[in-house]
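Thanks for making time this morning.

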Amino acid sequence: MAVHADPLRLVIGDKAATRLADNLDIHTVGDLLGYYPRRYDKRGELTDLVGLKDGEYVTVQAEVASASSRPMRNRRGTISEVVVTDGRGRLTLTFFAKGRQDWREKELAPGTRALFSGQVSSFRGKRQLTHPEYELLGTGSAGVRAAEYAAELIPVYRATGQMQSWKIADSVRLALHSLDVPDDPLPLKLRQRLGLYGYADALRGIHRPVDLADKDRAVLRLKWDEAFTLQVRLAQRRLAAADYTAVPRPPVEGGLLAAFDAGLPFDLTLGQVQASAQIARDLAGEHPMNRLLQGEVGSGKTVVAIRAMLQVVDAVGQAALLAPTEVLAQQHYRSIASLLGPLGMAGQLGGADHATRLTLLTGSMGAPARRKALLEAASGGAGIVIGTHALLEDRVQFADLGLVVIDEQHRFGVEQRDALRDKAGDGRPHVLVMTATPIPRTVAMTVFGDLDMCTLTELPRGRAPIATHLVPVAERPHYLARTWERIREEVAAGRQAYVVCPRIGDEAGGGSGQDRRGADRSFEETAGYALDGQDEDDGDGDGAPARPPLAVLDLAAQLSEHELAGLRVGIMHGRLAPDEKDKVMLAFADGLIDVLVTTTVVEVGVDVPNATVMVIMDAERFGVSQLHQLRGRVGRGSHGGLCLLVTEAPGESPARERLAAVASTTDGFVLSRIDLTQRREGDVLGTAQAGRRSSLRLLRLLEDEDLIGQAREEAVELVGRDPALAGYPGLAAAVEALAEHERAAFLEKA
Ligand code: ADP
Ligand code: MG
């Protein structure tokens, strides 16, 4: 009997096991049974041949239309050509042989149906498979496997040249045959209540379904495994976290926080007041706060975070603020320093009594500055330490870390949060996580399911809404000229503008390190929910022009020469040295630059309230949330904002629909759902889930919202009753495997 962790060769033999390992990275029985079919062919229903793409490995069910052979022209031997069809499209199969191949013509006589597997190519305008493997589907000659195909549905696996779909199916059959599931991961009562398949049934049903209903039940059950295991793990974490003690940091009267509030140039919104009150209560508690603050772009999350940090500093603790980019870390450092004024200048000339100090720690800092920052953190001299992921490094230590704030992120997985948390020594620090844009409920439940949540929905009063318009260059070329004119008008009125391009330009070696959709994919420069890292051909071939994406360096040169001649045009991108970036941002914030031509380095968090126009070039290359986030860089003051989405995508394309959606609403919650429909789950879930093999394979965050919610309730209830899962060995093992998977993904990324 085989169980999940067993090596495959015990079940299917050395040869097949080696092939699966080499080609598909499948090593254990569990790996193989987790390799689900990518689709099912109905027996007798031919595969659509018209949609095949060059270069793809395909497995198709088709019928032979004709077969013929002829001698090769320049060499000895024969070519046999077999044309197969689905009734509409045709595909030519070519076989070369040293001798005659009459047997093949006989085997593949017209009318014969078979599965054919190979790589699609084109030859003289005809689609073909060269030397495909095939598997006859008739009775008689199909031999041993005929019975296997008696079922209505034929599983089709993602195959490679060496490993055809039916060979995978063969191995799966053997594995299923000897599979032993001593402990079902889903509790019996739950299964009974919901009418779910047992685990072994589900695996059989997904690999070898009798019919579609059978497959659907199997999928439902396996989705439950994914959702439930994850939610149990999150519920356990939440419970365990509540068990830890933290140093209570109650508000102190007449402290830094009070002074900060007194100096605030605006009133807090109701949402900010409520979130702050909740956080203040959490911080005063004896158990660590674990809270997510999510909110609309521009809703003012930073102020809430600063207030929390000051409360902790007042209570003689330290706070760390982790920002996703260096630009943002620097901006936070500067703006907090200026907000605090003398309150942040302890021991310095002009520093107030009871003042604290701020320290910045980033990866690019020189050794002396770095040493100083490390010392400030470790000695407790700095009450607030602001930094990038450099803060996660082992050598960063704190005297008394009371609060960790993680800004504008959801890409930090559980493991990264732990890495910072561990820096608090014996007790645990309070943790506040902030997202860059609103996130859909299911994402919140899956990524942050172990956190309490609060949400800022409203924007500060007095904000004029951001108007967003499309500039469809294909149909209305003169709109582009108008775009540059608008920038001139705004600058004449004393305002500033961003022009965003997808690419930096002038790449040595032809643009390596560049993402086709966003720019600057390095961890430093991309972050947040808006990060767009698709590497598959879905979504961006939908209207983007064939030329390379527009580049910052080219466009900046052109604009300063022509359209925006006379204006002060600056550039900003990920290849600038860190201090150069800082200089540029500072100059822009101080109004010394009118127009900043930039990549998406400014996407997250950058706050220059005097900027009122955001022009996004090749806008179809950016994701929905990313556009929303970019647009959030303007309209942050009282002057209103204008966002122009410049695109060459044609009118009826999916790209244009996406852009129209962004233009039609400024509701980040609505857009986050649209965004979710366009991305793979791994992109959304980030680190842990985007590992080599995602632990969420069947679950879809949008479609399965109800299931995920239900799984969460069930998980919380069960973990409340039996936190250690003592009565559920199968579940305990599944949860442990998931944790292991997350750790592996974390290490892989680190
Ligand atoms: P986000 O939630 O996107 O991180 P920020 O915290 O950067 O937003 O705040 C956006 C801008 O709004 C900042 O310039 C900030 O100073 C300002 N702001 C925050 N709260 C208020 C408020 N209650 N009234 C007016 N302006 C505010
Ligand atoms: Mg922010």
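Helix α11 (residues 301-314) gives the largest share of the shell around ligand 1, namely three residues, where helices (H or I, at least four residues) are DSSP runs numbered from the N terminus. This is a predicted model, in which local features need pLDDT of at least 70 and side-chain atom pairs count only at pLDDT 80 or more, while totals for chains, interfaces and linings use all residues. Residues are numbered from 1 along each chain as its sequence is written, chains are lettered from A and ligands numbered from 1 in the order in which they are written, and side-chain values use heavy atoms, with hydrogens and water left out.

In total, 18 residues surround ligand 1, and the closest are Gly298, Thr302, Arg463, Asp607 and Arg636; a residue is counted if one of its heavy atoms lies within 4 Å. By class, that shell has five nonpolar, six polar and seven charged residues, with Ala, Val, Leu, Ile, Met, Phe, Trp, Tyr, Cys and Pro taken as nonpolar, Asp, Glu, Lys and Arg as charged, and the others, Gly among them, as polar.

As for polar contacts (N or O pairs within 3.5 Å), a backbone N or O atom of glycine 298 lies 2.6 Å from a ligand 1 oxygen, and a polar side-chain atom of lysine 301 lies 2.9 Å from an oxygen atom of ligand 1. The protein covers 87% of the 560 Å² of accessible area that ligand 1 has on its own, by the Shrake-Rupley method with a 1.4 Å probe.

Turning to packing, the axes of helix α8 (residues 212-243) and helix α23 (residues 705-721) come within 8 Å and cross at roughly 50°, the axes being lines fitted to C-alpha atoms over the stretch in contact, with angles from 0 to 180 degrees between N-to-C directions. That makes α8 oblique to α23, since angles under 35 degrees count as roughly parallel, over 145 as roughly antiparallel, 65 to 115 as roughly perpendicular and the rest as oblique.

Notes
Polar contact = N/O pair within 3.5 Å; in protein donor to acceptor, adjacent residues only side chain to side chain. Helix = DSSP H or I, 4+ residues; strand = E, 2+ residues; numbered from the N terminus.
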